[in-house]
Amino acid sequence: MEELGWILLEALIKALVIFTLILLAAATLVYIERKFSAFIQNRIGPNRAGPKGLLQPFADVLKLFMKEDIVPDAANKNLHRLAPIISLGVAIAVYAVIPLGSSFELAGRTIYMGVAPNVNIGILFILAMTSVGVYGITLAGWSSNNKYSLLGGLRSSAQMISYELSMGLAIMGVIMVSGSLNLNDIVIHQSGWKWNVLLQPLGFIIFLVSAFAETNRTPFDLPEAEPELVGGYNTEYTGMKFGMFFLAEYGNMATSSALIATLYLGGWQLPFNPEWVGLQEGSVWLALAQFASIVIKILLLSCFFIWVRWTVPRFRYDQLMNLGWRVLLPLALLNVIATGAVMFLI
Amino acid sequence: MSLTFIFFTVLAILAIASAIVTITARNPVISALSLVFHFFMLAGLYLTLNAQFIAAIQILVYAGAIMVLVIFVIMLLNLGDEEKLKEKFNLRKVIAVLLASVLIIQFFLIYLLTRSGKIEIAENTAKLSTVQSIGQVLFSEYLLPFEAIGLLLLAAIIGAIVLAKRKLT
């Protein structure tokens with residue numbers, strides 16, 4: 001029973017740390033996005049709150065908390081309240097299985113970096129969670145009782161269902177190469193620069209494009225296309241409920257980046273042999289270095305997301321569906337067949 | 001009281017409660033959503049049985065794909081709250097009651113038999129439900145049925161596309 005208590009305590013602490021980190025990451029990403037877009041559009045960007053505008057995200061959150069919470073009269077109140085919670089919850093839940101480093105020894109216990117990085121259905125869990133994420137946006141659109149919101153919600157669910165298939169098939173290639181559904185095993189399999197992006201370049205591109213579609217980011221941000229839909233699924237949301245959708249968007253971005261890094265870019269693997277700098281297997285310092293490695297990868301990938309958003313225009317709806325069903329899906333199937341053929345021959 | 005038992009009790013109570021909400025809720029969206037919740041609780045129950053693969057698939061397929069489509073349709077139809085109809089006593093109800101009582105009797109029989117030790121739960125049930133063992137069995141012993149089901153589903157998909165593309169005249 002004592003052992004059980006320790007396990008629960010460890011899981012609770014890890015969950016709290018990861019939760020805090022995601023919220024911090026979201027705040028950082030909001031700031032980076034605003035500065036980055038300002039740089040691309042030759043503006044200065046936020047520079048009033050704090051030095052270089054660094055406190056801007058916190059000022060934003062404070063503002064959102066102070067705002068009046070308006071719920072439309074004809075809305076379905078309970079579902080209207082539930083929708084942002086689902087969106088944010090799903091974005092955070094995925095982090096439960098993402099390994100943020102290998103293990104280290106502390107007081108005679110092996111502690112893994114991550115809440116449950118060794119669960120043997122890791123990838124299935126992630127696919128399940130992303131497929132459930134549709135509910136948040138769809139319900140937000142429907143419960144607002146506003147035609148533009150509903151259109152946004154419907155677009156979003158159609159889009160996410162369409163791109164989930166190519167995403168799943170792209171992951172299939174990674175599973176075939178690594179021979180495991182366990183995310184930690186997949187990362188370990190990529191040690192020594194055997195990154196999956198080199199073994200699965202086509203799968204990587206398919207996964208990257210699908211990840212953009214799944215996070216509803218430009219060029220796939222049709223669910224919140226301002227000129228056509230007023231604001232999309234979150235039109236009728238104010239205050240912190242809107243803030244939760246906002247956080248969920250950036251949380252999703254961080255989640256997708258973490259997934260791309262884990263599946264294709266070596267996860268927490270350091271780009272060099274850790275023994276060269278005297279980091280020993282199982283030490284806390286090595287675990288921290290690995291954590292820094294994946295955080296840097298996540299941040300760089302998030303910057304890529306932002307870069308694409310401010311340089312590529314939005315797709316038309318039929319173009320989006322064509323790309324999903326007629327280009328990405330056949331390519332993903334081809335990738336699976338080619339991977340299988342190569343593995344069979346070698 | 002083990003941890004598994006506590007998990008089981010909580011999940012089972014929530015599963016039954018959400019199932020009841022599913023059939024009694026007037027609003028079709030609430031009804032569909034509580035079914036989704038029910039699927040989550042079922043997935044949790046599978047996890048207490050060490051059936052991780054089935055648990056993940058339960059959420060991935062039922063909650064994540066099928067129920068999304070159901071909710072999609074309900075939203076497009078824009079249904080209001082269901083009105084209460086006075087249903088007369090008919091044959092359908094009799095059959096429903098009969099089938100339900102058969103199910104309950106079956107349930108109690110199995111419960112009593114396993115308790116008295118006449119039916120034993122196979123030892124390797126826990127091993128059966130991992131991804132690896134399911135894949136191995138599916139692609140060796142049951143390869144032909146698996147391929148047949150694949151063809152059947154493909155035919156169904158093509159049929160759906162043909163029906164959907166037919167022009168209304």
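A cavity is a set of grid points where a 1.4 Å probe fits but cannot get out, and a residue counts as lining when it has an atom within 4 Å of such a point. Keep this in mind during the tour, which goes through a predicted model.

Begin with the cavity: the structure holds one of 30 Å³ or more, and the volume of this largest cavity is about 290 Å³. Select Gly133(A), Met160(A), Glu214(A), Thr215(A) and Asn252(A), which lie nearest its centre among the 22 residues of the lining. Then colour helix 3 (77–93), helix 4, helix 6 (147–178) and helix 11 (239–264) of chain A, each of which gives two or more residues to that lining; helix 11 provides the largest share, with seven residues. By class, this lining has 11 nonpolar, eight polar and three charged residues.

Next, turn to the second largest pocket, with a volume of about 860 Å³. Of its 25 lining residues, select Ala96(A), Ala116(A), Val119(A), Phe125(A) and Leu47(B), which are the closest to its centre. The lining has 18 nonpolar, four polar and three charged residues.

Finally, move to the surface and select Trp6(A), Leu9(A), Ile13(A), Val17(A), Leu21(A), Leu24(A), Leu55(A) and Phe58(A), a nonpolar patch with about 740 Å² of accessible area together. Helix 1 (residues 2–40) of chain A gives the most to this patch, six residues, whereas Phe58(A) sits in helix 2 (residues 56–66) of chain A. Phe58(A) is partly exposed, because its relative accessible area is 47%.

Methods: Residues numbered from 1 in each chain as written. Chains lettered and ligands numbered in written order. Predicted model: local features only at pLDDT ≥ 70, side-chain atom pairs only at ≥ 80, totals over all residues. Heavy atoms only, no water. Patch = residues over 30% accessible without salt bridge, like charges linked within 9 Å, V, L, I, M, F, W, Y side chains within 5 Å. Areas by Shrake-Rupley, 256 points an atom, 1.4 Å probe, with all protein chains shown as cover. Salt bridge = Lys/Arg side-chain N within 4 Å of Asp/Glu carboxyl O. Helix = DSSP H or I, 4+ residues; strand = E, 2+ residues; numbered from the N terminus. Buried < 20%, exposed > 50% of the residue type's maximum accessible area, 1.4 Å probe, protein only. 1 Å grid on protein atoms, 1.4 Å probe; cavity = no way out; pocket = protein on both sides within 12 Å on 5 of 7 lines; lining within 4 Å. Points joined across faces, edges and corners; volume = space filled by probe spheres on them. Nonpolar A, V, L, I, M, F, W, Y, C, P; charged D, E, K, R; others polar.
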